[in-house]
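Thanks for asking me to go through this one.

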Amino acid sequence: MRIPIEVKPDFIEHVARRSDPVGAVAELIWNGLDADATTVAVSVEDDEFGGVRAVEVRDNGHGIPNEAVLSAFSGMGGSWKRNAPGTQGGRQLHGRRGYGRFRVLALGSQAVWETVADGTIDRHRTLVAFSELSAFETTDGGKTGDDPCTVVRIIGEAPRKTRLTDSAAVRSALTNQFAMYLEKYPRVAITWQDVALNPKEAIELEAAYPLSVPGLRQEADASAGPVLRVVEWKTKPARRELLVCDAEGVHRATLNTAVQAPDFHFTAYILWTGAATVSELDTMEGEWEHPDSPLGLVVAAARDQMRRHFKKREHERALEQVQKWIDEQTYPYSGEPGTTTEAAERQVFNEVAVLVSRHINQASKKSRHTQLVLLREALRRQPAAMPRVMDELFALTAEQKDRLESLVNRAGLSNLIAANALLVDRIDSLATIRKLLFEYVSRAALREKDQLHRMLEKQLWIFGDEYTSAVSEVGLTEALERHRHLLDGSRVPRSRRTPAVRSNGQSGRLDLMLSCVGGDGSSNRHLVVELKRPNVVLGSTEVQQVTSYARAVIMDERYKHDKTTRWDFWLVGNDIHPDVEWQVAGNSLPEDCLVDDGRVGIWVIRWGKVIDQCEARLRAQQKRLDYASSNADAIDYAGRMHADADIVPLLPPA
């Protein structure tokens, strides 16, 4: 018994792809081009509610002969195009599957084809009507003297056809899909809502790459091998696509690009003779996902080449954008990088800045410079926090966030940049302090508590990198309470504390107290620094003040038993009275040490020596960095790091 095959409505729904009205329009355009049309015009009629009443596609192709209508519309598959070498006019064919006519269901529930074509005897007009999965109905319009053409008009409901109201997006999508074909056949014109698709006007850049595909059988003609063409558009397309085309540029299938390229508007095309038999059905069935299939191999090679293309383009775009910032003097660096570290920092900065350049360039010139400086400082000091902060500022896309995180997370580079920035800051810090303490004008005007103290409490490294905590302007009682907490973790309420006093019965305040907590049996250390303004000569009065602080600490009955803590007291100033110098030089203790009993040391030190020792610690790194701080650098540093101390007016002009 012979069992006939019946096509069920659900299969027609499957091939109709109702959710893709733009694809349905493209399918009708291809039908006209396969009929050797030189003009195809698509128009949309709006209804009174802003929706779509009707879609009409008109072409001047050779039409469908009356005697061929039955075979053209009655079956599913078996298209005459499948084995045809090309169109009657010699162009490359698109359709081959024999079910493209059902795509009209994505545009409406009712469609009418009106076609004029030359038959075997005369020219006839034929009408074919189709309504919601029912049979096609044909009507013979009789003989006609009109030119061959086909007009398809679709009305009725379709779930997604309102997408066609975004005219610019549809035109962009159609331009992308037909770009290669229109380039191949320049006499062909396609219009959407009376506007011609013109890829050349929309293209910003084109690039072509022959693909080397290991495992793919090579064609006898090397020029027939797969080629990737990347087209970058001036305006953003509706979506990024990788279009699989045959060697003539006829579109066969659409895939996702699967490539991250923030702020690039592009479409990629695979031109390949092997794509002549590929259809959208193959992609729906995942043929391209099979790594061993010819299509899968070609797609993988194309995506790899796209990544290389956009890595190169990102570099080119970064150079162009950076040069614009340099020309307008908003770029936060000057001159050429002096070291490999600085060059690496600039490279990362350029990539990060270009990533958000669209947002930065919307600001005024002054604001652009400010934003770029802040971006540089964020990269130097808190690179790990940059993705979150920049997302809050600029509302980054998912691709931009991923790209930014990959930039700042480069192994070791962020730490290297941060260390480099720290070193530059320390060099500038020493230059600033030296100018404030020794320049004639600034040394006379510099105030001790609200300027000198305020600066140094942010630069504790000057007194040693080993100190992990510090307090400024702290009373003796509070200082010893902090020491108790280091010893046993306990705290005494202020109301129950016993005041710590000097030998004269008075309390005192320590300028700076730095602490280093020991571990694994090592001792704790405290450094108390008594600072004096530059015009104060360190004499017996100042020495007596520091000595009284030291005696108050070691004689306090609560801590006499503590043999594990070392206390050092530094008296620091620009100059030392000769009597004190003689007193220090006359003992057998280390240089600058006035008293040392093993638990407590009192030191009288010139600022010049402190700064020289710091510079000696930095010298090896500074030589490698090849950086010298200028007046301008010192002023910039003082304004950025010590605005609260108001010291910039004291510095000599740049």
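1. A word on the basis. This is a predicted model, in which local features need pLDDT of at least 70 and side-chain atom pairs count only at pLDDT 80 or more, while totals for chains, interfaces and linings use all residues. Residues are numbered from 1 along each chain as its sequence is written, and side-chain values use heavy atoms, with hydrogens and water left out.

2. The chain as a whole. The chain has 654 residues, and 49% of them count as buried (buried is under 20% relative accessible area, exposed is over 50%, and partly exposed lies in between, with a 1.4 Å probe and protein chains only). Its secondary structure comes to 20 helices and 21 strands; these are DSSP runs numbered from the N terminus, H or I of at least four residues for helices and E of at least two for strands.

3. Surface and contacts. The accessible surface is about 32,600 Å², with 51% of it belonging to carbon and sulfur atoms; the areas come from the Shrake-Rupley method with a 1.4 Å probe, and for residues only the protein chains shown count as cover. Taking contacts between residues at least 6 apart in sequence, 70% join residues at least 24 apart, where contact means heavy atoms within 4.5 Å.

4. Salt bridges overall. How many salt bridges does a search of the whole structure find? The search gives 29, each being a side-chain nitrogen of Lys or Arg within 4 Å of a carboxyl oxygen of Asp or Glu. There is also a network of salt bridges that links Glu45, Glu56, Arg58 and Arg153.

5. Glu114 and Arg125. These side chains meet in a salt bridge at 2.8 Å, N to O. The pair links distant parts of the chain, with Glu114 in strand 3 (residues 110-118) and Arg125 in strand 4 (residues 123-131), eleven residues apart. Glu114 is partly exposed at 31% relative accessible area, whereas Arg125 is buried at 18%.

6. Asp118 and Arg123. Here the closest N and O atoms of the salt bridge are 2.6 Å apart. Asp118 is partly exposed, at 43% relative accessibility, and Arg123 is partly exposed too, with 23%.

7. Asp122 and Lys143. This salt bridge has its closest N and O atoms 3.5 Å apart. Asp122 sits in the loop between strand 3 and strand 4, and Lys143 in strand 5 (residues 137-143), 21 residues apart.

8. Glu248. This residue belongs to the loop between strand 11 (242-245) and strand 12 (251-255), and at 25% relative accessible area Glu248 is partly exposed. Leaving out residues up to four places away in sequence, Glu248 touches Gln92, Lys184 and Tyr185. The C-alpha atoms of Glu248 and His94 are 10.0 Å apart, although 154 residues separate the two along the chain.

9. Arg313. You will find Arg313 in helix 7 (residues 294-327), where Arg313 counts as buried at 8% relative accessibility. Which residues does Arg313 touch, not counting those up to four places away in sequence? They are Leu205, Glu232 and Phe264. Phe264 is 49 residues from Arg313 in sequence, with a C-alpha to C-alpha separation of 9.2 Å.
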